[in-house]
Amino acid sequence: EMLDDPTGETPIKIEERAHISDANHADFYLAIHHNAAADIFNGGGVVVYHYPLDRNKAQATELYNDVVSANGLRGNRSNPIVATNDLYEVCAPQADSILLENGFMNSYTDTPIIITEQFAINTAKGLCKFFVDYWNLEEKSSGSASDVLAEIESIRNNIKALEIELDKKLEELRSLIS
């Protein structure tokens, strides 16, 4: 589930994203950002931060390798895979967490690459490969794209029905409190 506003118009605080992840009992939390440094510079590349420190390094390494193999932005980082408990983004959720810093937005070398549509497409391909491998996913032998779309529509309708029911319950509670 995406925990941010896809339009980018409404910022969702890290605390809220972590809360949503925890409330939904997420198995895995992935944050995707572009990194920034204090000044404009040459170099950069992809950096992956992970938490908890004692596990998750293999997944972080796989994610890094899959993304960099797909988008080509290896960069000049001496340590592109970092275990950390200093970044709230990866420490706040209860699930194993990874922060993908997908290039530097103030790098002379990274910026012209990361703003392209092809870079986004290639990054998505790398992430898809990672998740297919991570969860040992296999392509369904039967079914079609229309079956998947019908299932998505059914899920959306269920969510809408639940939201309506929740609104009714909240209104009942408000009337009891008043």
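**Close-up 1. Aromatic pairs in the predicted model.** Searching the whole structure turns up nine aromatic pairs, and the model they come from is a predicted one. Let us start with Phe-41 and Phe-104: their ring centres are 5.2 Å apart and their planes stand at 85°, so this pair is edge-to-face. The two partners come from distant parts of the chain, 63 residues apart. Phe-41 sits in the loop between strand 1 (28-35) and strand 2 (46-51), while Phe-104 belongs to strand 4 (residues 96-104).

**Close-up 2. A look at Phe-104.** Is Phe-104 buried or exposed? With a relative accessible area of 4%, Phe-104 is buried, because buried means under 20%.

**Close-up 3. The pair of Tyr-134 and Trp-135.** Here is another edge-to-face pair, made by Tyr-134 and Trp-135, with 4.6 Å from centre to centre and 90° between the planes. Tyr-134 is partly exposed, at 23% relative accessibility. Trp-135 also counts as partly exposed, with a value of 39%.

Close-up 4. Leu-176 has a relative accessibility of 69% and so counts as exposed, since exposed means over 50%.

Notes. Residues are numbered from 1 along each chain as its sequence is written. This is a predicted model: local features need pLDDT of at least 70, side-chain atom pairs count only at pLDDT 80 or more; totals for chains, interfaces and linings use all residues. Side-chain values use heavy atoms; hydrogens and water are left out. Rings of Phe, Tyr and Trp (its six-membered ring) pair if their centres lie within 6.5 Å; planes under 30 degrees apart count as stacked, over 60 as edge-to-face and the rest as tilted. Helices (H or I, at least four residues) and strands (E, at least two) are DSSP runs, numbered from the N terminus. Buried means under 20% relative accessible area, exposed over 50%, partly exposed in between (1.4 Å probe, protein chains only).
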